[in-house]
Amino acid sequence: MAGNTSVAAQQQPRRQFSLVRCVATCLLALIVLVGLAVLIAWLVISPKKLVYTLENGSVQNFNLTNNHLNATFDFVLRAFNRNRRISVYYDYIESTVTYEDQTLAFNTVDPFFQPHRNVSRIKPKLVALNLAMSPSTSKDLMIEKTSKEIQVDVHFKARVRLKVGTWKSNHRTLRIVCYSVTVHLSWYKHFDRVPCEAEL
């Protein structure tokens, strides 16, 4: 009787170990299958970075008096979706123009949908209305004005969703920055395109 009890006691840990090993094997197999599914989906979709270029920029009604700025900035941002299967919902877009880290003007852009393999253009109009500037920044801007051109940074921040087939992602934040954009105070001057940096 004592021998049977001893054998049963030895078999109990073995059963527990076998159960734990079975669960661990199943979990590992599930992780591998999910990883393979993600890899295959990624290879099929072949996601490519969205490409943004500032195609045009201008400023009108520029007036800087007593450290207060009035101006209207117009820009054209070219958005190139190179993907064959991924479309983009731009649900909210805001644009900002800055000079020496000071915001000069801000505005929002109407939402839109961009299909795959598509070029869309975003055309924000940003107005600085009696904007108070620091004396040092105002002085630097006035010096640049004498050369009939000023150099600014243009920022875009968007809430986007990606669409593949019928599947849509959750909202993601897209940030686009176009550095060192030269806008001319003379309308006849040619605008040099500026490639922009994007982070999604």
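In the predicted model described here, arginine 193 counts as exposed because its relative accessibility is 58%, a value that lies over the 50% cut-off for that class. This arginine is placed in the loop between β10 and β11 (194-195), and arginine 193 forms a salt bridge with glutamate 55, with the closest N and O atoms 3.5 Å apart. Since glutamate 55 belongs to strand β1, the pair links distant parts of the chain, its two members being 138 residues apart.

Arginine 121 is partly exposed, with a relative accessible area of 44%.

The structure holds five salt bridges, and another one of them can be described in the same way. Aspartate 74 forms a salt bridge with lysine 125, the closest N and O atoms being 2.9 Å apart. Because aspartate 74 lies in strand β2 and lysine 125 in strand β7, this pair ties together parts of the chain that are 51 residues apart in sequence. Lysine 125 counts as partly exposed, its relative accessibility being 43%.

Strand β7 (residues 125-132) also contains valine 127, a residue that counts as partly exposed because its relative accessibility is 46%. When neighbours within four places in sequence are left aside, valine 127 is in contact with Ala71, Thr72 and Ala105. The C-alpha atoms of valine 127 and leucine 69 are 9.9 Å apart in space, although the two residues are 58 residues apart in sequence.

These links can be set against the chain as a whole. The chain has two helices and 12 strands, and, read along the sequence, these elements follow the pattern α-β-β-β-β-β-β-β-α-β-β-β-β-β. Among contacts between residues at least 6 apart in sequence, 68% join residues that are at least 24 apart. Of the 200 residues in the chain, 32% are buried.

Helix α2 (residues 135-145) shows how burial can be arranged around a helix, its buried residues being Thr137, Ser138 and Leu141. Seen down the axis of α2, these residues fall within an arc of 100 degrees, so they line one face of the helix. In general, an α-helix has 3.6 residues a turn, so residues three or four places apart point the same way. On the other side of α2, Pro135 and Lys139 are exposed. The buried residues of α2 are covered by parts of the structure that include β1 (51-65), β2 (68-81), β3 (86-99), β4 (102-109) and β8 (149-164).

The structure holds one cavity of 30 Å³ or more, and about 30 Å³ of space lies in the largest cavity. The lining of this cavity is formed by Tyr52, Leu77, Tyr90, Ile93, Ile122, Phe156, Ala158, Leu174 and Ile176, and the elements that give two or more residues to that lining are β3, β8 and β10 (172-184). By class, the residues that line the largest cavity divide into nine nonpolar, no polar and no charged.

The second largest pocket has a volume of about 190 Å³. Its lining consists of 13 residues, of which Val59, His184, Leu185, Ser186 and Trp187 lie nearest the centre of the pocket. Strand β1 gives the most to this lining, with seven residues. The lining of the second largest pocket has five nonpolar, seven polar and one charged residues, whereas that of the largest cavity has no polar and no charged residues.

Technical notes:
Residues are numbered from 1 along each chain as its sequence is written. This is a predicted model: local features need pLDDT of at least 70, side-chain atom pairs count only at pLDDT 80 or more; totals for chains, interfaces and linings use all residues. Side-chain values use heavy atoms; hydrogens and water are left out. Buried means under 20% relative accessible area, exposed over 50%, partly exposed in between (1.4 Å probe, protein chains only). Helices (H or I, at least four residues) and strands (E, at least two) are DSSP runs, numbered from the N terminus. The arc is that of the directions from the helix axis to the C-beta atoms. Contact means heavy atoms within 4.5 Å. On a 1 Å grid over the protein atoms alone, a cavity is a set of points where a 1.4 Å probe fits but cannot get out, and a pocket is an open set with protein on both sides within 12 Å along at least five of seven lines; lining residues have an atom within 4 Å of a point. Grid points are joined across faces, edges and corners, and a volume is the space filled by probe spheres set on the points. Ala, Val, Leu, Ile, Met, Phe, Trp, Tyr, Cys and Pro count as nonpolar, Asp, Glu, Lys and Arg as charged, and the others, Gly among them, as polar. A salt bridge is a side-chain nitrogen of Lys or Arg within 4 Å of a carboxyl oxygen of Asp or Glu.
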